[in-house]
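Colleague: I would like to learn how to read a model like this one, feature by feature. Could we take each idea in general terms and then turn to the case at hand?

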Amino acid sequence: MENKVFDFVAGEVLLLDKPYEWTSFDVVKKIRNTIRIKKVGHAGTLDPLATGLLIVCTGKKTKQIDLIQATEKEYVGELVLGKTTPSVDLETEIDSETDISHLTEQEIIDALEQFRGEIEQVPPAHSAVKVDGKRAYKSAREGKEVKLKSRNVVIKELEIINMDLPVIQFRMVCSKGTYVRSFVRDYGKSLGVGAYMSALKRTRIGEFLVSDAYSVQDFVDLVHKQRENDIKEEK
């Protein structure tokens, strides 16, 4: 990676590990300011409280964004059973608590089955989906009721990788348009106790892996180093 020579105008497909609490646009803005060209876009939004793989395309490679977005995604997440928040994550405060002591581990595992394959899913109210030209999360934050249409998505793989109740860690492979928070919300409802998502990391988009991604700071440092080398060569 350190010997990589970038050509941002001809186009680059950059794999970045999005930091916690950054919006996807924060990353795009940082990259745009660093590489000093305007044609920069990302291939699939990550929520601010999620981390992991964000693909940023530059120059002529921005034409590939739709193709990349259409590929399947893999996530590793963590949810908490028995508590809910309006946003289904830690953006908002806990608004309900339910005892989960009656649930068995087998019941918790068996409840996953209904979410595998092609399912109907309603995006979370706190999401970037537009309703009447306005982002849903803006209305939700104002306390307004948000009605979103259901969509068909495919959850190809879904498994629990660790259970330490009330915390469950899981892995999911899913199609474009799938909301992991919607799964967490609906999964909690199916068990009758509610749930919210306490962590989420995107580990793969199509063939691209987060293990091959730059941290934002490492990428910025590489660009500055390349720029310094170019100046030296010109002299």
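Modeller: Let us begin with burial: a residue is called buried under 20% relative accessible area, exposed over 50%, and partly exposed in between, with a 1.4 Å probe and protein chains only. By that rule, buried residues make up 46% of the 235 residues in this chain. Please keep in mind that this is a predicted model, in which local features need pLDDT of at least 70 and side-chain atom pairs count only at pLDDT 80 or more, while totals for chains, interfaces and linings use all residues. Residues are numbered from 1 along each chain as its sequence is written, and side-chain values use heavy atoms, with hydrogens and water left out.

Colleague: How many helices and strands are there in the chain?

Modeller: Helices (H or I, at least four residues) and strands (E, at least two) are DSSP runs, numbered from the N terminus. On that basis the chain holds 6 helices and 14 strands. As for contacts, meaning heavy atoms within 4.5 Å, 70% of those between residues at least 6 apart in sequence join residues at least 24 apart.

Colleague: Which strands pair with strand 3, and in what sense?

Modeller: Two strands are said to pair if DSSP finds at least two bridges between them. Strand 1 (residues 13–18) runs antiparallel to strand 3 and is joined to it by 6 bridges, with Asp17 standing opposite Leu53. Strand 2 (residues 40–42) also pairs with strand 3 in the antiparallel sense, over 3 bridges, and here Val40 has Thr58 as its bridge partner. Strand 12 (residues 195–205), by contrast, pairs with strand 3 in the parallel sense over 2 bridges, and Thr51 stands opposite Lys201 in strand 12.

Colleague: Turning to helix 1, what span should its residues cover, and how far apart are its end C-alpha atoms?

Modeller: The expected span of a helix is 1.5 Å times one less than its number of residues. Helix 1 (residues 24–35) has 12 residues and should therefore span 16 Å, which agrees with the 17 Å between its end C-alpha atoms. Within helix 1, Ser24, Val27, Val28, Ile31, Thr34 and Ile35 are buried. Seen down the helix axis, these buried residues fall within an arc of 130°, so they line one face of helix 1; the arc is that of the directions from the axis to the C-beta atoms. After helix 1 comes Arg36, which has a positive phi, near 65°.

Colleague: How many aromatic pairs does a search of the whole structure find?

Modeller: Rings of Phe, Tyr and Trp (its six-membered ring) pair if their centres lie within 6.5 Å, and planes under 30 degrees apart count as stacked, over 60 as edge-to-face and the rest as tilted. The search finds 9 such pairs. In one of them, the rings of Phe183 and Tyr187 have centres 5.4 Å apart and planes at 20°, so the pair is stacked. Both residues lie in helix 5 (residues 180–190), 4 residues apart, which is about one turn of the helix. Phe183 is buried, with a relative accessible area of 1%, and Tyr187 likewise counts as buried at 1%. Elsewhere, ring pairs link Phe6, Phe8, Tyr214 and Phe219 into a cluster.

Colleague: And how should I read the salt bridges?

Modeller: Side chains of opposite charge can pair when their charged atoms come close. The rule asks for a side-chain nitrogen of Lys or Arg within 4 Å of a carboxyl oxygen of Asp or Glu, and the count comes to 8 salt bridges. Among them, Lys156 meets Glu72 at 3.4 Å, N to O, linking strand 10 (residues 151–164) with the loop between helix 2 (65–69) and strand 4 (73–81), 84 residues apart. Lys156 is exposed at 54% relative accessible area, whereas Glu72 is partly exposed at 26%.

Colleague: What other salt bridge does Glu72 form, and with which residue?

Modeller: Glu72 also meets Arg204, at 2.9 Å, N to O. Arg204 lies in strand 12 and Glu72 in the loop between helix 2 and strand 4, so the pair ties together parts 132 residues apart in sequence. Arg204 counts as buried, at 16% relative accessibility.

Colleague: Are Glu74 and Arg171 buried or exposed?

Modeller: Both Glu74 and Arg171 are buried, and they form a salt bridge with the closest N and O atoms 2.7 Å apart. Glu74 is in strand 4 and Arg171 in strand 11 (residues 167–174), 97 residues apart. A network of salt bridges links Glu74, Glu157, Glu159 and Arg171.
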